[in-house]
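Visitor: I would like to go through this structure with you. Could you show it to me?
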Amino acid sequence: MIAILKYNAGNVQSVENAIQRLGYKTIVTDDVAILKSADKVIFPGVGEASSAMEYLVERGLDQVIKELKKPVLGICLGMQLMCAFSEEGNTKGIGVFSNVVRKFPPLEIVPHMGWNDFKLLEGDSIFEGIAEADNFYYVHSYYATLNTCTIAVNDYILPFSAALQKDNFYAVQFHPEKSGKIGELLLKNFLEL
Amino acid sequence: MLKNRIIACMDIQDGEVVKGVNFVDIQRAGDPISLAQRYANEGIDELVFLDITATVENRKTLISLVTEIASQINIPFTVGGGISTQEQAVDLVRAGADKVSVNSAAIKRPELIREIAELLGSQCAVVAIDTKYEDDEWWVYSAGGRIKTSLKTIDWVKQVEQLGAGEILLTSMNNDGTKDGFALDITAEVTDIVNIPVIASGGAGNINHFVEVFSQTKATGALAASIFHYGEVNVSQLKQDLINNNICVR
């Protein structure tokens, strides 16, 4: 069973659809017992950081996520909330990763919206079969800075973390559920971990 | 590098894809799901669905269509047509739309843009603008191009950006349906003054028109409908020709 974290952010439906298309059973939940017993947990999200974080803290879900031992995949806002701090509403994050989330300086069009490639720093298994020239779909105005957990880098306005990984925690800034066949492959790689 | 986007638009009426010429003369073009699937396979970067009837009784049909599209399509899509409240936007996003596009209702009540952006994020808030060149000025039209407003396009785009719009879908009514090419002048003018993504729309008739709009304006997306529906322009050929012209696409 793949648990998809239910909270006050959009786009849960698209993530669930993508995982179901790969033949997995899903449950959208904020039930702590289910989150702990699931094979994998997906932390999706499109929305605003501080109100989403508030929702998680009120329900103690921030601690629950941090203590999960199963593979966890954060997507977009999910990824940003797994960092230590976000400039969006100046909120503390869950702190799985120690980097911070900042707003893009308006040197080019913001949001960074559309398909973009990446540079792989470490050949992690979630990128197996995916080339650096392959494109994922991004849409975001805030970015996670680079740090030792960065496994893939994208350069738009400045270099930022396209993907992070630490122990059982994985996170991507792009939307694999909206990235066609390449996105499907990344999700499949994660689900097969 | 960020890629320029090729976007296919489907005007939806009673659950079917239709296409008008110069905003009238509706023709049928097929089933939205199978068309959307074909486009996703051919390499279209995004889809836009516009409910051109947009009546209250059609809302439920639209929501179920969006649910169906989201369950089958793995590329981003925008839904628009008659959205006048934050709640309607939320319902569409919950059903699986990635973005919602507002037009006439935002002209009537611009705060709608801010409300959607605050609740769903700017990236969800697309403002569609129908513009027409008349008496030496580009004017904003509402109600699907039926009513001329007193807004100048240049002023309106600045305002929608300030209100938190995440993207502008700019359709030139003079060019729409003509297949004579995009309105390069107003598209360039708009992309020069806003710092959010702009999709050029209206007038695409051949591959060269896409080359023109990406090389002569800062539009990051170009939208077309009938030329894709009727196979007059092949998407993979279009992408290849753009690459040959040094325009960055997926």
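Visitor: Is Asp130(B) buried or exposed?
Guide: Please note that this is a predicted model. In it, Asp130(B) has a relative accessible area of 8%. Buried means under 20%, so Asp130(B) counts as buried.

Visitor: Which strand is Asp130(B) in?
Guide: Asp130(B) belongs to strand β7 of chain B, which covers residues 125–134.

Visitor: And which side chain does the side chain of Asp130(B) make a polar contact with?
Guide: The partner is the side chain of Asn103(B), at 3.2 Å.

Visitor: What feature does UniProt place at Asp130(B)?
Guide: An unreviewed UniProt entry gives the feature "active site" at Asp130(B) and also at Asp11(B).

Visitor: Where is Asp11(B), then?
Guide: Asp11(B) sits in strand β1 of chain B, residues 5–13.

Visitor: Why does Asp11(B) count as buried?
Guide: Its relative accessibility is 14%, and the cut-off for buried is under 20%. Asp11(B) therefore counts as buried.

Visitor: Which residues does Asp11(B) touch?
Guide: Leaving aside residues up to four places away in sequence, Asp11(B) touches Glu16(B), Val17(B), Val18(B), Lys19(B), Leu50(B) and Ile52(B).

Visitor: Let us change topic to the two chains. How many residues are in contact there?
Guide: On chain A there are 28 residues in contact with 31 residues of chain B. Between them, the two chains bury about 2400 Å², and 53% of this area is on carbon and sulfur atoms.

Visitor: Which three residues of chain A supply more of its buried area than any other three?
Guide: They are Met113(A), Trp115(A) and Lys178(A), which supply 30% of the area that chain A buries against chain B.

Visitor: What does the side chain of Lys178(A) meet in a salt bridge?
Guide: The side chain of Lys178(A) meets that of Asp98(B), at 3.0 Å from N to O. The count of salt bridges between chain A and chain B is 2.

Visitor: Which elements of chain A each supply at least two residues of the side that touches chain B?
Guide: These are α1 (12–21), β8 (112–116), β10 (136–140) and α6 (180–191). The largest share, 5 residues, comes from β8(A).

Visitor: How do the residues on that side of chain A divide?
Guide: The side of chain A that touches chain B has 10 nonpolar, 11 polar and 7 charged residues.

Note on methods
Residues are numbered from 1 along each chain as its sequence is written. Chains are lettered from A and ligands numbered from 1 in the order in which they are written. This is a predicted model: local features need pLDDT of at least 70, side-chain atom pairs count only at pLDDT 80 or more; totals for chains, interfaces and linings use all residues. Side-chain values use heavy atoms; hydrogens and water are left out. UniProt positions are given in the numbering used here, feature names are shortened, and annotations may be inferred rather than shown by experiment. Helices (H or I, at least four residues) and strands (E, at least two) are DSSP runs, numbered from the N terminus. Buried means under 20% relative accessible area, exposed over 50%, partly exposed in between (1.4 Å probe, protein chains only). Contact means heavy atoms within 4.5 Å. A polar contact is a pair of N or O atoms within 3.5 Å; within protein, one must be able to donate a hydrogen and the other to accept it, and residues adjacent in sequence count only if both atoms are side-chain atoms. Buried area is the accessible area (1.4 Å probe) that two parts lose on being put together, summed over both. A salt bridge is a side-chain nitrogen of Lys or Arg within 4 Å of a carboxyl oxygen of Asp or Glu. Ala, Val, Leu, Ile, Met, Phe, Trp, Tyr, Cys and Pro count as nonpolar, Asp, Glu, Lys and Arg as charged, and the others, Gly among them, as polar.
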